[in-house]
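Here is a short briefing on one chain. Look at the sequence and the structure, then read the points by topic.

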Amino acid sequence: MAEFTLRIDGMHCGSCVRRVTQALNSTANVEVEEVRIGAARLKSTDESSPVDAAIAALAKAGYSARLEH
């Protein structure tokens, strides 16, 4: 399993954290470790790398995200 962190733009409050958490929980092969304003730490649940799927789910929820290096 790989861990990765996404930087997320547009999060300002607890409601944003809930929406981001819901969007990420709906993403296949992603386990949400932590969501805080501005970032989310995730873990893939198999050997795939679901980064693109997680970013797409966040875009659909209205947030832009990028992989933190």
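Contact here means heavy atoms within 4.5 Å. Among contacts in the chain between residues at least 6 apart in sequence, 63% join residues at least 24 apart. The model is predicted: local features need pLDDT of at least 70, side-chain atom pairs count only at pLDDT 80 or more, and totals for chains, interfaces and linings use all residues. Residues are numbered from 1 along each chain as its sequence is written, and side-chain values use heavy atoms, with hydrogens and water left out.

**Overall fold**

- The chain has 2 helices and 4 strands; these are DSSP runs, numbered from the N terminus, with helices being H or I of at least four residues and strands E of at least two.
- Along the sequence, the pattern reads β-α-β-β-α-β.
- The radius of gyration, taken over C-alpha atoms, is judged by a globule rule of 2.2 Å times the number of residues to the power 0.38.
- For 69 residues, a compact globule would come near 11 Å, and the chain agrees because its value is 11 Å.
- Along the principal axes, the C-alpha atoms fill a box of roughly 30 × 25 × 15 Å.

**Surface and burial**

- Buried means under 20% relative accessible area, exposed over 50%, and partly exposed in between (1.4 Å probe, protein chains only).
- Of the 69 residues, 38% count as buried.

**Nonpolar core**

- A nonpolar core is a set of buried Ala, Val, Leu, Ile, Met, Phe, Trp, Tyr and Cys residues joined through side-chain atoms within 4.5 Å.
- The largest such core has 18 residues.
- Those with the most contacts inside this core are Leu-6, Ile-8, Met-11, Val-20, Leu-24, Leu-42 and Leu-58.
- Two or more core residues come from each of β1 (3–9), α1, β2, β3 (39–44) and α2 (51–60).
- Helix α1 gives the largest share, 5 residues.
- In soluble globular proteins, nonpolar side chains tend to be buried together.
- Leu-24 touches Val-30, Val-32, Val-35, Ala-40, Leu-42, Ala-54 and Leu-58, leaving aside residues up to four places away in sequence.

**Strand residues**

- Val-30 sits in strand β2 and is buried at 10% relative accessibility.
- Beyond four places in sequence, Val-30 touches Leu-24, Leu-42, Lys-43, Thr-45 and Pro-50.
- Val-30 and Leu-42 are 12 residues apart in sequence, and their C-alpha atoms are 6.6 Å apart.
- Thr-5 belongs to strand β1 and is buried, with a relative accessible area of 18%.
- Not counting residues up to four places away in sequence, Thr-5 touches Ala-39, Ala-40, Arg-41, Arg-66, Leu-67 and Glu-68.
- Lys-43 lies in strand β3, and its relative accessible area of 18% makes Lys-43 buried.
- The contacts of Lys-43 beyond four places in sequence include Met-1, Ala-2, Glu-3 and Asn-29.

**Polar contacts**

- A polar contact is a pair of N or O atoms within 3.5 Å; within protein, one must be able to donate a hydrogen and the other to accept it, and residues adjacent in sequence count only if both atoms are side-chain atoms.
- The side chain of Lys-43 makes such a contact with the side chain of Glu-33, at 3.2 Å.
- The side chain of Ser-15 makes one with the side chain of Arg-19, at 2.9 Å.
- Ser-15 is in helix α1 (residues 14–25) and is partly exposed at 25% relative accessibility.
- Ser-15 and Lys-43 are 28 residues apart in sequence and 22 Å apart in space, C-alpha to C-alpha.

**Loop residue**

- Asn-29 lies in the loop between α1 and β2 (30–36).
- Phi of Asn-29 is near 65 degrees, a positive value in a residue other than glycine.
- Asn-29 is partly exposed, at 33% relative accessibility.

**Cysteines**

- A disulfide is a pair of cysteine sulfur atoms within 2.5 Å.
- The count by this rule is 0 disulfides.
- Cys-13 is in no disulfide, and the nearest cysteine sulfur, that of Cys-16, is 3.7 Å away.
- Cys-16 is likewise in no disulfide.
- Cys-13 is partly exposed, with a relative accessible area of 33%, whereas Cys-16 is buried, at 5%.
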